[in-house]
Amino acid sequence: MSNRFGISWFKNNRSTKGNSNTNKYYNEDSLNSNYSSLTICGSGSVQESSVCDTKLLDERLNRYEDESGQMNSITSLTDRVTYLRKNRENVVSKALTNIKESMNVDLCFVLDCTSSMSCYIKAAKMHILSVIDYVNRNNSNIKLWIGFCGYRDHGDGCGRLQIFDFTSSHKKFQNYLSNKVIANGGNDFPEDVLGGLYAATTRMTWSNATRILIHIGDAPPHGRRFTNFDDIYPNGDPNGLTAEFVFDKMRSNNILYHFGKITEYTDVMIEVFRSIIGEFLVFDLKGDLATLINKFCKATCSAIFSSVTLTTTLRNSKSIYSLQRKKLQINPLEPYWSILPEKAGDLLSYVLPKTLAEIMDECYFINSNFTVQNISFKLASQPFAVGSERYAYFALDTKLGQTDKLVIKKYHDVKIGSIEQYLESVEISSVAYFLSTEFNKAAESIGVKKKITFIDVKILCDKTDSNTYYSVEKYINNAEFKRFNVNSGIIIEFHSILEAFAHFTYHYTKGYLVVYDLQGVDLDNMFLLTDPSIHCIDLLRFGITNLGTKGIQKCFLANHKCNDICKKLKLIRNRVR
Ligand SMILES: [Zn+2]
């Protein structure tokens with residue numbers, strides 16, 4: 001069994017801190033195997049002296065084999081590296097094409113246009129242009145086509161539905177809203193919600209890769225399934241439309257549904273819709289006109305950024321809807337710890353790199369050593385959050401009566417006992433951490449007080465559950481978790497210091513990598529970040545979110561505008577390697 005990370009091995013191993021390249025990092029069986037050394041500097045840019053333990057390299061390459069599929073009859077390590085590198089280049093090209101396409105967005109507002117909705121229509125009329133300005137201020141690569149589908153009720157004759165097809169002329173769109181859309185009609189309490197959603201889905205020309213529908217309304221659809229209030233059609237839509245049918249059409253058209261909630265009368269509708277399509281974003285749009293405008297702008301931007309990101313990373317609506325369904329399983333509340341069993345585990349952490357040379361040495365982490373610490377812990381049975389790659393669970397460090405809260409992250413689809421993807425996330429966070437400390441020193445020298453740091457990520461081997469691996473980090477209390485920017489280059493919430501940090505990582509590593517996908521919490525004196533991604537010129541490092549040289553160029557540099565901090569730090573944009 002080639003289990004280099006087997007726990008018995010860890011216990012026998014002695015850490016030789018700071019002497020990473022001389023550490024032999026394999027189990028005893030491998031001493032008898034065909035051990036040799038190999039340089040894998042395919043890019044020609046990494047230190048030519050790097051020598052990796054072949055067995056360990058072999059295991060690292062496993063990380064990329066799922067992506068490439070069948071390896072056929074390739075047996076030599078050199079052939080395998082060449083094959084995987086070539087394969088990664090193809091995958092990256094496709095990913096970049098996909099990212100570019102995802103930036104083209106169809107955005108459709110489906111609005112209840114009955115009398116009670118007049119202030120929402122007014123907000124949309126007045127502020128749609130400022131929403132577009134905001135989206136484009138930091139993300140000029142996003143192109144928006146906007147359309148409109150208004151609905152009223154069955155008794156409103158030809159005013160029941162009102163459609164304005166997608167246009168890239170935002171001025172035209174605003175003029176249409178201003179001149180043609182008036183709040184009136186509506187008879188009983190429910191409205192023709194399903195008719196509006198169906199018309200928006202089937203009668204508009206959806207043609208771009210990212211397709212967003214934002215539905216805003218204050219009343220439910222017809223039928224006892226949705227409401228007990230006064231309803232002319234208690235058996236549901238008189239034309240026979242069902243929510244299942246409408247959402248099936250929406251799903252097959254790759255349209256992502258969002259809802260702007262105004263009253264609690266739509267709560268049952270939200271639950272019914274969720275049971276059909278999984279979780280979706282619900283924006284709270286209650287309040288007076290001033291707060292409404294702000295909320296409307298935020299909701300629209302957030303729908304755009306999250307949909308573009310989902311479309312970019314998951315590529316098709318089937319995976320997106322399946323992720324939305326997974327979100328239904330989450331439980332945001334902390335469990336009752338007293339009823340959960342205590343587990344035993346080993347906590348593994350890398351010796352952190354201390355120099356640029358170690359960061360750029362592709363073999364540093366392969367040859368590096370772990371320190372091992374025994375812990376006891378408790379783990380929640382349901383996740384409290386889910387992302388496109390991982391679930392996050394609450395956990396508790398119970399060793400010596402401690403009650404430190406932890407976050408444990410598990411990949412959705414990972415073989416039990418497989419450690420490779422977890423190594424990758426720890427490697428990424430170690431590199432990011434080192435670069436953040438270098439950035440903080442440089443930034444302090446030019447008077448920037450706020451720091452950037454990355455949460456320490458370790459690997460946890462659960463000995464009471466078949467040696468399953470997780471990644472584990474400290475839980476941050478009482479802080480709002482935010483995504484600031486995304487791997488694809490989208491800036492969700494602009495902070496000059498974070499954008500300058502990303503540029504700094506490029507400058508400092510002489511164009512070798514960029515740390516991006518910054519997310520975490522914004523505290524008074526620091527940004528505390530977790531789960532970044534790294535674009536690196538070596539495509540066989542940092543996992544499948546690494547989009548290589550093209551990722552550095554097209555996702556980061558092409559979108560990055562140097563700010564004051566970049567200028568004061570004299571950061572260079574074109575590092576010739
Ligand atoms: Zn810059």
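Visitor: Which residues does L213 touch, leaving out those up to four places away in sequence?
Guide: L213 touches C108, V110, A200, I255, L256, Y257 and H258. Keep in mind that this is a predicted model.

Visitor: What core does L213 belong to, and how many residues are in it?
Guide: L213 is in the largest nonpolar core, which has 103 residues. L213 is among the residues with the most contacts inside that core, along with C108, L111 and I212.

Visitor: Why would residues like that gather together?
Guide: In soluble globular proteins, nonpolar side chains tend to be buried together.

Visitor: Which residues are in the second core?
Guide: The second core is separate and has 31 residues, including I366, F377, Y422 and Y470.

Visitor: Back to L213. Which residue is its bridge partner?
Guide: L213 sits in strand 6, and its bridge partner is C108. Strand 3, residues 104-112, and strand 6, residues 210-217, run parallel. Seven bridges join them.

Visitor: What packs on those strands?
Guide: Helix 5, residues 118-138, lies across strand 3, strand 4 and strand 6. Helix 5 runs at about 165° to strand 3. Helix 7, residues 193-202, also packs on the sheet. Helix 7 touches strands 3, 4, 5, 6 and 7. The direction of helix 7 makes about 145° with that of strand 4.

Visitor: What is the strand order in that sheet?
Guide: The order is 5-4-3-6-7-8. It is an open sheet of six strands with mixed pairing.

Visitor: Which strands are at the edges?
Guide: Strand 5 (161-167) and strand 8 (282-284) stand there. Each has a single partner strand, so one side of each is left without a neighbour in the sheet.

Visitor: What is the average twist?
Guide: The twist averages 20° from one strand to the next.

Visitor: New topic. What is the order in the sheet of four strands?
Guide: That open sheet has the order 14-20-19-17, and its pairing is mixed. Strand 14 (451-454) and strand 17 (481-483) are at the edges. Each pairs with a single strand, so one side of each has no neighbour in the sheet. Here the twist averages 35° from one strand to the next.

Visitor: Do strands 19 and 20 pair in the parallel or the antiparallel sense?
Guide: Antiparallel, over four bridges.

Visitor: Which residue is found in the loop between strand 20 and strand 21?
Guide: D531 is found there. Phi of D531 is near 50°, a positive value in a residue other than glycine.

Visitor: Is D531 buried or exposed?
Guide: D531 is buried, with 24 other C-beta atoms within 10 Å. The cut-off for buried is 20 or more.

Visitor: What about K510: what is its phi?
Guide: Phi of K510 is near 55°, again positive in a residue other than glycine. K510 is in the loop between helix 15 (496-508) and strand 18 (513-516). K510 counts as partly exposed, with 14 C-beta neighbours inside 10 Å.

Visitor: Let's look at a helix. Which residues of helix 9 are buried?
Guide: In helix 9, residues 267-277, the buried ones are M269, F273 and I277. Seen down the helix axis, they fall within an arc of 50°, so they line one face of helix 9.

Visitor: Which exposed residues are on the face turned away from that side?
Guide: That face carries E271 and S275.

Visitor: What comes after helix 9?
Guide: G278 follows helix 9, and its phi is positive, near 85°.

Visitor: Now strand 10. How many bridges does it make with strand 9?
Guide: Eight, in the antiparallel sense. In this pairing G345 stands opposite I375 of strand 10. Strand 10 is also joined to strand 12 by three bridges, again antiparallel. There, L379 has A395 of strand 12 as its bridge partner.

Visitor: Last one: how many helices and strands are in the chain?
Guide: The chain has 17 helices and 21 strands. Of its 577 residues, 42% count as buried.

Notes:
Residues numbered from 1 in each chain as written. Predicted model: local features only at pLDDT ≥ 70, side-chain atom pairs only at ≥ 80, totals over all residues. Buried ≥ 20, exposed ≤ 12 C-beta atoms within 10 Å, placed from the backbone. Helix = DSSP H or I, 4+ residues; strand = E, 2+ residues; numbered from the N terminus. Arc of directions from axis to C-beta. Pairing = 2+ DSSP bridges. Axes fitted to C-alpha atoms, helices over the stretch in contact; angles between N-to-C directions. Contact = placed C-beta atoms within 7 Å. Core = buried A, V, L, I, M, F, W, Y, C linked by C-beta atoms within 7 Å.
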